[in-house]
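Please keep the model open beside you as you go through the points.

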Amino acid sequence: MLVFVLNAGSSSLKYQLINAKTSELKASGLVERIGIDGILKHEVGENKKLTFELPIPTHKEAIELVLRILTNDETKVINSISEIEAIGHRVVHGGEYFKKSVLIDNEVIDKIEELIPLAPLHNPAHVIGIKICRELMPNVPNVATFDTAFHQTMPEENFLYAVPYGDYTEHHLRKYGFHGTSHYYVSNEANKLLNKKNSKVIVCHLGNGSSVCAVKDGKSIATSMGLTPLEGLIMGTRCGDIDAGVIPYLMERKGLDSHQIINYLNKKSGILGVSGISSDLREVIKASNDGDKRSRIAIEMLCGRIKKYLCSYAGLMQGVDAICFTAGIGENSDLIREKVCEGLDFMGIEIDIDKNKVRTPGIREIHKETSKTKIFVIPTNEELVIAKDTYNLVK
């Protein structure tokens, strides 16, 4: 079954065409700057990479362009779009309505729209992508896979906030968590390696957006992101955990309204805010190596926060069998992995410095032979999870 996997953002569109039965990636790409000038980066297999620059005024034109490229002579991977048998959509927020992937109908779309206040930057774009696909390919089934679904197994004591309980029942105020498809995929791969029952795994999904998840017996029991993706770790431009009193203090001192303070915490803080250099950790590490003090502090803060969650979740599960690093930073930065694991020998966590520095494709073990806890680097594959869920629902 060929599944067209779509992740629609406010001004971008990520896509993959996957044979869900064999897991073969046929093509992938990214459309950026929708509504501005438009850039499409398209890959066929592992060798053929093409870039197109042209006006792409709306998401509809973006999706139409991608479908043309998939069937175009120069970039063709299928003869006709009729070969696409299903479409899988990444949806950030599913609230408490969706505990697993679902076939999309009008009622599902209504629920995703109802959740827009909880994900105002993401859910509107997902709805646009879904509606366009239903319009362009009316006979092809659509499936929604939710970032929040994997975390619906968290117990109440781990997802509630210590505010009046009525605000949970009336206003759905609770921790939801995100990156669920990544945490599911990586923890599942770790469990295959551990080959044991009653497993205790901690997944560190570290990228421009980051989160940590405690996975016990294959189920999420705690995660660092909250009502929104702002809570938890320090990220590229997000502040992560912060004293709630900071918000009214800054609003009063800087004359900010609610939209401006959210923009400040989401877009101007984190690694960018502390370092003053960039939200790209690679640039901050380079600046730190060149002696920039604020960049060094940003790195220490980032690793300290990850370590805090790691130790907290090990305590919550009364032990940990494996720590997994994934996503852009987790998979590629040996410095961050080393600093996070540094000093945790007392917990039976011993990283092998030499193994940690070796870059090879696929899953890597980077712990010492004497380490009681396994340490894995596991490349995530959220799109494959979406494709597989789509296949299982549609077949």
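1. Let us begin with Leu227, which sits in the loop between β11 (219-223) and α7 (246-254). Helices (H or I, at least four residues) and strands (E, at least two) are DSSP runs, numbered from the N terminus. This is a predicted model, in which local features need pLDDT of at least 70 and side-chain atom pairs count only at pLDDT 80 or more, while totals for chains, interfaces and linings use all residues. Residues are numbered from 1 along each chain as its sequence is written, and side-chain values use heavy atoms, with hydrogens and water left out.

2. How exposed is Leu227? With a relative accessible area of 22%, Leu227 is partly exposed; buried means under 20% relative accessible area, exposed over 50%, and partly exposed in between (1.4 Å probe, protein chains only). Setting aside neighbours within four places in sequence, Leu227 is in contact (heavy atoms within 4.5 Å) with His93, Leu118, Tyr161, His172, Leu173, Arg174, Lys175, Tyr176 and Phe178. Leu227 and Ile378 are 151 residues apart in sequence, and their C-alpha atoms are 27 Å apart in space.

3. One of those partners, His172, belongs to the loop between α5 (166-171) and α6. Its phi is near 60°, a positive value in a residue other than glycine. His172 counts as partly exposed, at 36% relative accessibility. His179 is in the loop between α5 and α6 too, and phi of His179 is likewise positive, near 60°. At 10% relative accessibility, however, His179 counts as buried.

4. Next comes helix α6 (residues 180-194), where you will find Leu194. Is Leu194 buried or exposed? Leu194 is buried, with a relative accessible area of 16%. Beyond its neighbours within four places in sequence, Leu194 touches Ser199, Val201, Asp321, Ala322, Lys374 and Phe376. Take Asp321: 127 residues separate it from Leu194 in sequence, yet the two C-alpha atoms are 7.9 Å apart.

5. Now turn to α3, a helix of 14 residues. From its first C-alpha to its last α3 reaches 20 Å, close to the 20 Å expected at 1.5 Å a residue; the expected span is 1.5 Å times one less than the number of residues. Its buried residues are Asn123, Ala125, His126, Val127, Gly129, Ile130, Ile132 and Cys133. They pack against β1 (2-8), α1, β6 (86-91), α2 (106-114) and β8 (142-146).

6. How do α1 and α3 meet? The axes of helix α1 (residues 59-71) and helix α3 (residues 123-136) come within 10 Å and cross at roughly 55°. Axes are lines fitted to C-alpha atoms, for helices over the stretch in contact, and angles run from 0 to 180 degrees between N-to-C directions. The two helices are therefore oblique to each other; angles under 35 degrees count as roughly parallel, over 145 as roughly antiparallel, 65 to 115 as roughly perpendicular and the rest as oblique. From α1, the contact is made by His59, Lys60, Ile63, Glu64 and Leu67, and from α3 by Ile128, Gly129, Ile132, Cys133, Glu135 and Leu136.

7. Helix α11 (residues 293-316) deserves a point of its own. Its 24 residues should span 34 Å at 1.5 Å a residue, and its end C-alpha atoms are 35 Å apart, which agrees. Among its buried residues are Ser295, Ala298, Ile299, Leu302, Ile306 and Leu310. Just after α11, Gln318 takes a positive phi of about 60°.

8. Which helices cross α11? The axes of helix α10 (residues 281-289) and α11 come within 8 Å and cross at roughly 125°, making α10 oblique to α11. Leu281, Val284, Ile285, Ala287 and Ser288 of α10 meet Ser295, Arg296, Ala298, Ile299 and Leu302 of α11. For α11 and helix α13 (residues 334-341), the axes come within 9 Å and cross at roughly 50°, so this pair is oblique as well. Here Ile299, Glu300, Leu302, Cys303, Ile306, Lys307 and Leu310 in α11 meet Ile336, Lys339 and Val340 in α13.
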